Amino acid sequence: MIEKIGVVGAGQMGAGIAQVAALAGYGVVMVDIGQEYLDRGMSGIEKQLARAVAKGKMTENEVATALGRIKTGISYEEFSDCDLIVEAATEKKELKRELFAKLDVIAKPEAILATNTSSISITWIAAATRRPEKVVGMHFMNPVPVMKLVELIRGLATDDATFSAVREAAEKMGKTCAEAQDYPGFIVNRILMPMINEAFYVLMEGVGTPESIDTGMKLGCNHPMGPLELADLIGLDTCLAIMEVLHSGLGDAKYRPCPLLRKYVDSGRLGRKSGRGVYDYQA
Ligand code: CAA
């Protein structure tokens, strides 16, 4: 029975997961490597909940109760009494594996270790632990409080009890689950990222301006955001990292990252989070 959830990382995904978990009634502990990241994550959660109160969707009391359920800390030891730990750290392969080896030592033997990775192999991460049957992919979408999907990914060793426990937790958070097997990019990013990457090729080749590409896909295909706007929301570095995983993991040239995407990342244009990506957010 899952009652307390640990969240690794207080960035846009980690804070979003902490928020939906607390609203669902779970006790939450969110850990990051520095207090400044935790402060930023908590202030984002507070702002969103304040907005919900202003819109009449929540009461002050409900917000206070939800916020009271979230504890923060800078040590992984905080996770020792968690039933489920969801990792939402940076999308770096080696870092994730090291992290899971550490979590395996700290977490209760029966605790489930989930990763919010958008493309790294669950099977490979699980192999760094002594409990691969209790390791699972729990891929929330951005922005977490709004998007209804959680993609659940079964590693080679993930057992049924683990899978049904995380499905139940995701449903309690108001999400619908789509089940995927453990292949690069799983379902959502295997389909979404090549589209975003192609939008960068279309831009690089001068087929269209950013505005015409995004308008084309919004009004022509009824997408809520154009692919370039969406790339800026996700983070261009994350998009590039996922394309690299698809390219190396599947070995097909159709997944080669667009050189313009790489150029933007090299220059520090990472999207909304850095103030500039395809579009400029500083003005
Ligand atoms: N965080 C929390 N809430 C947010 C938000 C954010 N960043 N952005 C918008 N919202 C909320 C708003 O407060 C509003 O809430 P209410 O309905 O309660 O008023 C609601 O979402 C709608 O917002 P807006 O009216 O401002 O704007 P919108 O209708 O244009 O919707 C959007 C914004 C939900 C982001 C929409 O444009 C959309 O769905 N975009 C596509 C997002 C998407 O594709 N995400 C998946 C990315 S892929 C991924 O995450 C996987 C990966 O591994 C990379």
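1. F186 is buried, with a relative accessible area of 6%; buried means under 20%, exposed over 50% and partly exposed in between, using a 1.4 Å probe and protein chains only. F186 sits in the loop between β8 (176-181) and α7, and its phi is positive, near 50°, although F186 is not a glycine. Helices (H or I, at least four residues) and strands (E, at least two) are DSSP runs numbered from the N terminus. Please keep in mind that this is a predicted model, where local features need pLDDT of at least 70 and side-chain atom pairs count only at pLDDT 80 or more, while totals for chains, interfaces and linings use all residues. Residues are numbered from 1 along each chain as its sequence is written, and side-chain values use heavy atoms, leaving out hydrogens and water.

2. G185 belongs to the loop between β8 and α7 and is buried, with a relative accessible area of 0%. Which residues does G185 touch, not counting residues up to four places away in sequence? They are S118, S119, R190 and L246, where contact means heavy atoms within 4.5 Å.

3. Most residues other than glycine have a negative phi, and most peptide bonds are trans. N222 lies in the loop between α8 (210-221) and α9 and is exposed, with a relative accessible area of 70%.

4. On to the peptide bonds: the one joining N142 and P143 is cis, with omega about -5°. P143 is found in the loop between β6 and β7.

5. Strand β6 (residues 135-140) has 6 of its 6 residues buried, so the rest of the structure largely encloses it. V135, G137 and H139 point one way, V136, M138 and F140 the other way, and all are buried. In a regular strand the side chains alternate between the two faces of the sheet.

6. What are the neighbours of β6? Strand β5 (residues 112-115) runs parallel to β6 and is joined to it by 3 bridges; two strands pair if DSSP finds at least two bridges between them. V135 in β6 is the bridge partner of L113. Strand β7 (residues 149-154) runs antiparallel to β6, with 5 bridges, and L152 in β7 stands opposite M138.

7. Helix α10 (residues 236-250) has 15 residues and reaches 21 Å from first to last C-alpha, close to the 21 Å expected at 1.5 Å a residue; that expectation is 1.5 Å times one less than the number of residues. Its buried residues are L236, C239, L240, I242, M243, V245 and L246, and what covers them includes α7 (188-204), α9 (227-234) and α11 (259-267). L246 is also one of the residues that G185 touches. After α10 comes G251, with a positive phi near 70°.

8. Finally, the lining of the second largest pocket includes M1, Y26, D83 and E110. The largest share of that lining, 4 residues, comes from helix α6 (residues 160-172). A pocket here is an open set of points on a 1 Å grid over the protein atoms alone, where a 1.4 Å probe fits, with protein on both sides within 12 Å along at least five of seven lines; lining residues have an atom within 4 Å of a point.
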